[in-house]
Amino acid sequence: MPLPLDHTLDNSYAALPPAFYTRLMPTPLPAPYLVAVSDQAAELIGLNAEQVAAGLQVWIGNAVPQGATPLAAVYSGHQFGVWAGQLGDGRAILLGDVATAAGPMELQWKGAGQTPYSRMGDGRAVLRSSIREFLCSEAMAALGIPTSRALALSGSDQGVMRETVETAAVVVRMAPSFVRFGSFEHWYYRKQPEQLKILADYVIARFFPTLQKHEHPYAALLQEVTERTARLMAQWQSVGFMHGVMNTDNMSILGLTLDYGPFGFMESFDPGHICNHTDQHGRYSYANQPEIGHWNCYALAQALMPLIDDVPLAQGALDRYQPVFAAEMERLLHAKLGLSQLPEHAEADRALFDAMFGVMEANAVDFTLFFRQLSQLKRADTSGDSAVRDLFIDREAFDRWAAQYRSRLQHEAADDGERAAAMNRVNPKYVLRNYLAQVAIEKAQNKDFSEIHRLLSVLRHPYDEQPEHAAYAALPPDWASHLEVSCSS
């Protein structure tokens, strides 16, 4: 089927040896319908929303563009800290990549049918989880956080069995690459260093070409990925995002947020919060994410050791994680509180941040609302305190912290208005709360896709006031506390 992108459609991954993947076609779905299109994602590959809509049969996996060489990639990984062996694209099929001014962009079907790596699965995705991935991919991009993108979401009434029978859906997602930490682990644990080198050389040549001339290119690759991962973890923490399944097969070699499953955004602040109902031991809780990111980098380092062949070099690359994470976290927290990073206040600022998180936790304060409302606090009086103060059960505890914060603000040159504007540029008013996604899902299950479109529009501008959509920034209703997400879909 011809598409406007035919003349640039390629598949660089298909040029790797056959052991890296299985070539196959997606499995068609009956009576497909288009649920949503991201026009902003479409623009990245030179298309508009109308052109994407016209390609429904391609995006659902019922037709394949001319020149495409679809494939499912093999990889392995640690799941919940345990070596799981061979995994692979069990319900994802790589369509190909498109050349853009910013570099290659791969297109991948998610939910397009069984592959040799599906194990006991059916290779399908359901409408419920596909809506969540579509919306969160685009929401994270709007927040400025590195992420895969979602081009189109299509559905079919074909039944898919999960806890109950649900309907099938396919998301076309995009990223410069879907290579994972587990892609390298696969060849390491199979004791196939030749394939490991082929993959590392492919990633370096395609995405980090300057490393080709490095004295130690594979150690340099590890350091680059380690630093990207550290910064990504800080960005997640700064907006209260929880991935839910930080297995090594879900970690992007490019430092992107990848594989949206049972994710969540923090509401009532609890560092130990677990967004994934399947994660009964809390390995991937909010507080653990930075440490798990570091652990995953160690797993990648282990996989690369046959190429690095120097433990101190590998350790030196890994040692970059903590300082990069700490520096990025401090930069983000200073911005969120409207503070300059002044060396003479570094220690006191850390104490201020610690005290802030302590009082937030003690009062189960809504994470997003706290930082957004904090911009209304004034340096010299308490007239702007009510919006943020009323989020606290123990208002006197907030007052004590606010006094420390005001004392620190005396050392800032910006006035209240300038500081508020700067804070509102980094503290989102709108995030994809679970209950908002659930409302959209329930309507979509009755063929009403209007809430998906409305949410996409709102989440595209997370830092704007959008007074007509203020209800989307309100505290969640009581029923939202009973929502659970898991790995089941």
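Is helix 4 largely enclosed by the rest of the structure, or how many of its 16 residues are buried?**Entry 1. Helix 4**

I counted, and 13 of the 16 residues of helix 4 are buried, so the helix is largely enclosed by the rest of the structure. I took buried to mean under 20% relative accessible area, exposed over 50%, and partly exposed in between, with a 1.4 Å probe and protein chains only. Helices are DSSP runs of H or I with at least four residues, strands are runs of E with at least two, and both are numbered from the N terminus.

I noted that the model is predicted, that local features need pLDDT of at least 70 and side-chain atom pairs pLDDT 80 or more, and that totals for chains, interfaces and linings use all residues. Residues are numbered from 1 along each chain as its sequence is written, and side-chain values use heavy atoms, with hydrogens and water left out.

Next I checked the length of helix 4. At 1.5 Å a residue, its 16 residues should span 22 Å, and the end C-alpha atoms are 23 Å apart, which agrees. The expected span is 1.5 Å times one less than the number of residues. Just after helix 4, I found Gly144 with a positive phi of about 85 degrees.

**Entry 2. The largest pocket**

I then looked for empty space. Rolling a probe the size of a water molecule over the atoms shows where empty space is left. The search uses a 1 Å grid over the protein atoms alone: a cavity is a set of points where a 1.4 Å probe fits but cannot get out, and a pocket is an open set with protein on both sides within 12 Å along at least five of seven lines. Lining residues have an atom within 4 Å of a point. Grid points are joined across faces, edges and corners, and a volume is the space filled by probe spheres set on the points.

The largest pocket holds about 880 Å³ of space. I listed 38 lining residues, with Gln79, Arg91, Arg119, Asp249 and Cys487 nearest the centre. Which element gives the most to this lining? Helix 4 does, with three residues. Helix 4 (127-142) and strand 11 (165-175) each supply at least two.

By class, I found twelve nonpolar, 14 polar and twelve charged residues in the lining of the largest pocket. Here Ala, Val, Leu, Ile, Met, Phe, Trp, Tyr, Cys and Pro count as nonpolar, Asp, Glu, Lys and Arg as charged, and the others, Gly among them, as polar.

**Entry 3. The second largest pocket**

The second largest pocket has about 430 Å³ of space. It is lined by 20 residues, and His273, Asn434, Ala480, Ser481 and Leu483 are the closest to its centre. Strand 13 (264-265) and helix 16 (434-444) each give at least two residues to this lining. I sorted the lining of the second largest pocket into ten nonpolar, seven polar and three charged residues.

**Entry 4. Cavities**

How many cavities of 30 Å³ or more does a search of the whole structure find? I got three. The largest cavity has about 110 Å³ of space. Its lining has 13 residues, and Tyr13, Ala73, Asp89, Phe178 and Val179 lie nearest the centre. Strand 4 (71-73) and strand 8 (103-110) are the elements that give two or more residues to this lining. By class, I found seven nonpolar, three polar and three charged residues around the largest cavity.

**Entry 5. Two buried residues**

I looked up Asn296, which is in helix 8 (residues 289-308). Asn296 is buried, with a relative accessible area of 1%. Its side chain reaches the backbone oxygen of Met246 at 3.0 Å. Leaving aside neighbours within four places in sequence, Asn296 is in contact (heavy atoms within 4.5 Å) with Phe181, Met246, Thr248 and Met251.

Asp385 sits in the loop between helix 12 (367-374) and helix 13 (386-389). I found Asp385 buried, at 4% relative accessibility. The side chain of Asp385 makes a polar contact with the side chain of Arg406 at 2.5 Å. A polar contact is a pair of N or O atoms within 3.5 Å; within protein, one must be able to donate a hydrogen and the other to accept it, and residues adjacent in sequence count only if both atoms are side-chain atoms.

**Entry 6. Positive phi**

Most residues other than glycine have a negative phi. Asp259, not a glycine, has a positive phi of about 65 degrees. Lys447, also not a glycine, has a positive phi of about 70 degrees. I placed Lys447 in the loop between helix 16 and helix 17 (450-459).
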